[in-house]
Amino acid sequence: MTENGLRRRTLLGLPLAGLATAGAAQVGLLAGRAVAGAPAILKALPGAWFTDFGTNAEMRWDSVEPGRYLTPQARLFVRNHTQTPTIDPDTYALRLSGDGLRDPAGVSIGLDELRRRFEHVEVTSVHECTGNGRSFFETQQGQRASGTQWALGAVGSVTWQGVRLRDVLEWAGLRPDAVSVQAAGLDPEYVDKGVNHGRVRRPFPISKALDDALLAWGANGEPLLPDHGYPLRLVLPGWVGIASIKWLGSLEVSTTELTSPWNTQWYNIGGPLSTNPVRSAWELPWNAQLRADRKIELTGRSWSGAAPIARVDVSTDGGATWSPARLRPEPGRIRGGGRRTHGHGWTQWAHTWRAPRPGAHTLLARATDLRGRTQPDVAAFNPNGYFFDAVVRHPVTVA
Ligand SMILES: Nc1nc2c(c(=O)[nH]1)N[C@H]1C(S)=C(S)[C@@H](COP(=O)(O)O)O[C@H]1N2
Ligand SMILES: [Mo]
């Protein structure tokens, strides 16, 4: 243990000492440094499963197996601002501090104590990047947005294992007047266009922290992979991906609103973005070649950050006529002895396409969630290309 109660950590294989910038010192972190030449993503990215964007990797929808509900970590999209750090679980500790705790100096807790002290829970949630679908601003609406040109594969459904953030905050001495929690990662500081923005970090309201936020060490019953936040990540079910900070190093609890560039400069459209919109995807390649047949079984999935999907309408004629898709009930989500907190995954659906004529066709799917939120024809443009939720026009050829 170091003098301030922080246990010495090793990041990226380098022993680190001393505090970095004022920003990092504020959240009580040791410095992480990017390792030149090291891969940004550690897991394998086979071309059949992923589109490789360098620091980011997108799941290919045509690789999704209709019989499998959850997204295995090996196939889950990755979104890294810098690169995946290597963290020693034996010396890892999560630091909680701030004037929203009875003792602002705070506490540290290691993984073993976290597992021993708190009830284990699990939650299934749609895990999705705010910029999912961004490329369609250009290809479908003629206006390019900046950022990774994702199609629709920056999303997955995962059952997370961990403990409730609420329980940990109460143990840490949460004050009733706390309003804001800022989570910061242990990955290297984010430098963009010569500006060092410090650790990837984002604040969120105490109401979300006390509702369904999770400190997760597992995904689908297995330890997190390094790329997905090992050994511990935050999960804010239904919220924009950036809210679920990976390699969670610290939580600052405050009685005043906290900010970071990740809720003011980015992931903000007239206010910090929180709940994900409604989207749908076909389990097909782009420009799929389908064999002319009496009938073709088409499958896909729809999801919403706010509520389960209530209905999905599909069109195989470019939007001229529509019919309801057959929805599959979400499979049972309880595994092991853990208790479940609320949340929900995506909805699988199917549609039988009868006697399609040879030639080019456009498939559309429009989902509506139980809150009545539905997908528009046109998504609201914003320069960073967040929340592309319009119905996507998916081209196929029948031959
Ligand atoms: N520490 C840290 N947390 C992070 C990020 C990051 O770069 N660093 N990226 C965020 C973004 S933008 C998304 S979409 C999700 C992606 O999670 P995944 O890579 O496990 O799929 O993690 C979020 N948490
Ligand atoms: Mo993201």
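Modeller: Here are the pockets, followed by the cavities. The model is predicted: local features need pLDDT of at least 70, side-chain atom pairs count only at pLDDT 80 or more, and totals for linings use all residues. Residues are numbered from 1 along the chain as its sequence is written.

On a 1 Å grid over the protein atoms alone, a pocket is an open set of points with protein on both sides within 12 Å along at least five of seven lines; a cavity is a set where a 1.4 Å probe fits but cannot get out; lining residues have an atom within 4 Å of a point. A volume is the space filled by probe spheres set on the points, which are joined across faces, edges and corners.

The largest pocket holds about 420 Å³. Its lining counts 21 residues, with Arg79, Gly147, Tyr190, Trp266 and Asn384 nearest the centre. By class, that is 7 nonpolar, 10 polar and 4 charged (Ala, Val, Leu, Ile, Met, Phe, Trp, Tyr, Cys and Pro are nonpolar; Asp, Glu, Lys and Arg charged; the others, Gly among them, polar).

The second largest pocket has about 320 Å³. Glu58, Trp61, Ala151, Leu152 and Trp286 are the closest to its centre, out of 20 lining residues. These split into 12 nonpolar, 5 polar and 3 charged.

Now the cavities. There are 4 of 30 Å³ or more. Of its 18 lining residues, Arg79, Gly241, Ile242, Ser244 and Lys246 sit closest to the centre. Its lining has 8 nonpolar, 6 polar and 4 charged residues. The second largest cavity has about 100 Å³. Its lining includes Met59, Glu65, Arg68, Arg301 and Trp346.

Technical notes:
Chains lettered and ligands numbered in written order. Heavy atoms only, no water.
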